[in-house]
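Please open the model in the viewer and keep the selection panel at hand.

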Amino acid sequence: FIRHQKILGIIGGYKPMAGSFPRNYYMPLGWPAPAWAEWQLRDVDVIAVRPVASERSGYCYPVRMIYEDSRTHYALWEDMYDARMDLMKSAFVAQRFIDASVIGNVPGGVTSSVWDFRKRHMTNVSTEDEQGHDLLADFDVPTRYRDLASFVTPAGLHESLK
C-alpha cells in the first residue's frame with residue numbers, strides 16, 4: 001500500500017462502446033469520447049506490486065502501480081515501470097457492471113486501453129464485440145459452457161485443443 005487518493009475513472013453501468021473501435025474514441029490517443037459515460041472522481045488505493053525476490057531477475061515489469069477503486073476493489077488505472085522507475089506503460093481500465101438474471105447487477109465487462117510509451121504503441125481490449133455483445137455471467141452463460149472441467153482444467157483444455 002502506497003497511499004489513498006482520488007483519480008478520474010469510468011465505472012458502473014455505462015453503455016458498452018468499445019466494440020466499434022476507433023469510433024467513440026479520440027484518436028490517435030485512443031481516449032474514450034464523452035459519449036461513453038461521465039468521468040467520475042473516484043477514491044482509490046494505490047498499491048505497488050513487485051515480483052518476489054526469487055523471480056525478480058529479468059521480470060518484464062519490476063514495479064506495477066495499481067490504482068484500485070476503494071469501493072469495488074477493481075483497478076481503474078495501472079502504471080508499469082522498469083527497474084529505474086521509468087514509466088514504460090500506462091493502462092486505463094473501465095470496469096462495467098452487467099445485469100445477470102439471477103445474481104443481479106455485477107462487475108464483469110471491461111474495456112482497457114494500454115499505452116506503451118517506449119514502443120509508441122497503443123492496445124485496446126474489450127469484453128464487448130463489434131455487434132455490441134458483452135460478457136455473460138452466472139446462468140446467462142449458455143449451458144454448453146457451464147462444464148467447468150471442460151473449460152478450466154488442463155485436461156479440458158487438452159481436449160478442446162485436439
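Select Asp86 and Arg84: these two residues form a salt bridge, with the closest N and O atoms 2.8 Å apart. A salt bridge is here a side-chain nitrogen of Lys or Arg within 4 Å of a carboxyl oxygen of Asp or Glu. Salt bridges with shared partners join Asp82, Arg84, Asp86 and Arg118 into one network. The coordinates are those of a predicted model, in which local features need pLDDT of at least 70, side-chain atom pairs count only at pLDDT 80 or more, and totals for chains, interfaces and linings use all residues. Residues are numbered from 1 along each chain as its sequence is written, and side-chain values use heavy atoms, with hydrogens and water left out.

The classes are buried for under 20% relative accessible area, exposed for over 50%, and partly exposed in between, with a 1.4 Å probe and protein chains only.

Next, select Lys6 and Asp43. They form a salt bridge in which the closest N and O atoms are 2.8 Å apart. This pair links distant parts of the chain, with Asp43 in strand E5 and Lys6 in strand E1 (residues 3-9), 37 residues apart. Helices (H or I, at least four residues) and strands (E, at least two) are DSSP runs numbered from the N terminus. Asp43 is partly exposed at 34%, and Lys6 is partly exposed at 47%. The count of salt bridges comes to seven.

Neighbours within four places in sequence aside, Glu68 is in contact with Asp43, Val44, Asp45, Ile47, His73, Tyr74 and Ala75, where contact means heavy atoms within 4.5 Å. The side chains of Glu68 and His73 are joined by a polar contact of 3.4 Å. A polar contact is a pair of N or O atoms within 3.5 Å; within protein, one must be able to donate a hydrogen and the other to accept it, and residues adjacent in sequence count only if both atoms are side-chain atoms. Glu68 is buried, with a relative accessible area of 18%.

Now display strands E8 (residues 87-100) and E9 (residues 104-116), which run antiparallel and are joined by twelve bridges. Two strands pair if DSSP finds at least two bridges between them. The hairpin from E8 to E9 passes through three residues, and Ala91 has Val114 as its bridge partner in E9. On its other pairing, E9 meets strand E10 (residues 121-126) in the antiparallel sense over six bridges; there Ser113 stands opposite Asn124. Four residues lie between E9 and E10 in their hairpin, and Arg120 in the turn has a positive phi of about 50°.

Centre the view on Ser112, in strand E9. Which backbone oxygen lies 2.8 Å from a polar atom of the side chain of Ser112? That oxygen belongs to Phe92. Ser112 is buried, with a relative accessible area of 9%. Neighbours within four places aside, its contacts are Ala91, Phe92, Val93, Thr123, Asn124 and Val125.

Gln95, in strand E8, is the next selection. Its side chain reaches the backbone oxygen of Gly109 at 3.2 Å, and Gln95 is buried at 5% relative accessible area. Beyond four places in sequence, Gln95 touches residues including Ile10, Tyr14, Tyr74 and Pro107.

Finally, select Trp36, Met65, Tyr67, Trp77 and Phe92, the residues with the most contacts inside the largest nonpolar core, which has 20 residues. Such a core is a set of buried Ala, Val, Leu, Ile, Met, Phe, Trp, Tyr and Cys residues joined through side-chain atoms within 4.5 Å. Strands E5 (40-49), E6, E7 (75-81) and E8 each give two or more residues to this core. Outside four places in sequence, Met65 touches, among others, Ile2, Val46, Trp77 and Tyr81.

Zoom out to the whole protein chain, which has two helices and ten strands. Of its 162 residues, 39% count as buried.
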